[in-house]
Amino acid sequence: MPVLGLGTWENENPEQCADSVETALEAGYRHVDTAQAYGNEAAVGEGIAAADVDREDVFLATKVWISNLAYEDVIETTEESLEKLGVDAVDLLYVHWPAGAYDPEETLPAFDELRDRGLIDRIGVSNFEPDHVERAMDVLDAPVFANQVETHPFCKQTELREHAEEHGYEIVGYSPLARGAVFDDDVIGEIAADHGASAAQVSLAWLRERGVTAIPKATSADHIADNWASRGLDLTDEELERIDGIERYDRRVHPDFGPDAWE
């Protein structure tokens, strides 16, 4: 899985979404993330088709929404997602939240079936706590490949990152720029100035060094290019520790938008 991808949450204008996906792929990105709930799978597919990049070179991920997590609904809506995306299979399919219709014993065997049929290559989970991940591991035949969670310098997910390393799955970080809050942090700003880099690049470089695959959303060519340039930024151990030491906690996805909201 490429360690930097393009997120598409709230990229709801079809033309803009397709253009941003095409622009990102032609700039070098090879990882695109979407979801049923984003309402933009068709536009993402158009962007992939328009880019001068072979489909087999693109790591494509989508997610099954909480209302579609009954066994038959997982199968049916995933087939619909593939049709919207214009692809035969996706590289990674996530359970979007462990909520709503989610029942490990019913939901997860459907993911195994989709994998057995060749419609998905890997199985992921999103917004799962360690106990949710371990339960999924117990039920699935296939391994859990990744857990996608909000991760940035103000929401470091230290426990989950340690759990992922221990159990052999990846952490994919959404909102890696804390919805723009990284631009106002003094520590990140000072490190960025020392490197002649942007605060976004510093945050993304920190995530990379901490083993997190980041999927920042970007719609303009400038932001897409700026984020991509983070791949060339190397932070010192001292700089990484300074970011580790930021005490501010600022979760950008409100806790109400989570499992408890549907229990």
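Predicted model: local features only at pLDDT ≥ 70, side-chain atom pairs only at ≥ 80, totals over all residues.
Colleague: How many salt bridges does a search of the whole structure find?
Modeller: The search covers the whole structure. A pair counts when a side-chain nitrogen of Lys or Arg is within 4 Å of a carboxyl oxygen of Asp or Glu. The number found is 13.

Colleague: Which residue forms a salt bridge with Glu10?
Modeller: The closest N and O atoms of this pair are 3.9 Å apart. The cut-off is within 4 Å, so the pair counts. The partner of Glu10 is Lys217.

Colleague: How many residues apart are Glu10 and Lys217?
Modeller: Glu10 sits in the loop between β1 (6–7) and α1 (14–27). Lys217 sits in the loop between β8 (212–214) and α9 (221–228). The pair therefore links distant parts of the chain, and the separation is 207 residues.

Colleague: Is Lys217 buried, partly exposed or exposed?
Modeller: Its relative accessible area is 39%. Buried means under 20%, and exposed means over 50%. The value for Lys217 falls in between, so Lys217 is partly exposed.

Colleague: What parts of the structure does the salt bridge of Arg117 with Glu79 tie together?
Modeller: The closest N and O atoms of Arg117 and Glu79 are 2.8 Å apart. The two parts lie 38 residues apart in sequence. They are the loop between α4 (104–116) and β5 (123–126), which holds Arg117, and helix α3 (residues 71–85), which holds Glu79.

Colleague: Asp250 and Arg248 meet in a salt bridge; which residue of the pair counts as buried?
Modeller: Their side chains meet at 2.8 Å, N to O. Arg248 has 35% relative accessibility, so Arg248 counts as partly exposed.

Colleague: What is the volume of the largest pocket?
Modeller: This pocket is lined by 33 residues. Among those nearest its centre are Trp9 and Lys217. Its volume is about 590 Å³.

Colleague: Which element gives the largest share of the lining of the largest pocket?
Modeller: The lining divides into 16 nonpolar, 11 polar and six charged residues. The largest share is three residues. They come from α9.

Notes
Residues numbered from 1 in each chain as written. Heavy atoms only, no water. Helix = DSSP H or I, 4+ residues; strand = E, 2+ residues; numbered from the N terminus. Buried < 20%, exposed > 50% of the residue type's maximum accessible area, 1.4 Å probe, protein only. 1 Å grid on protein atoms, 1.4 Å probe; cavity = no way out; pocket = protein on both sides within 12 Å on 5 of 7 lines; lining within 4 Å. Points joined across faces, edges and corners; volume = space filled by probe spheres on them. Nonpolar A, V, L, I, M, F, W, Y, C, P; charged D, E, K, R; others polar.
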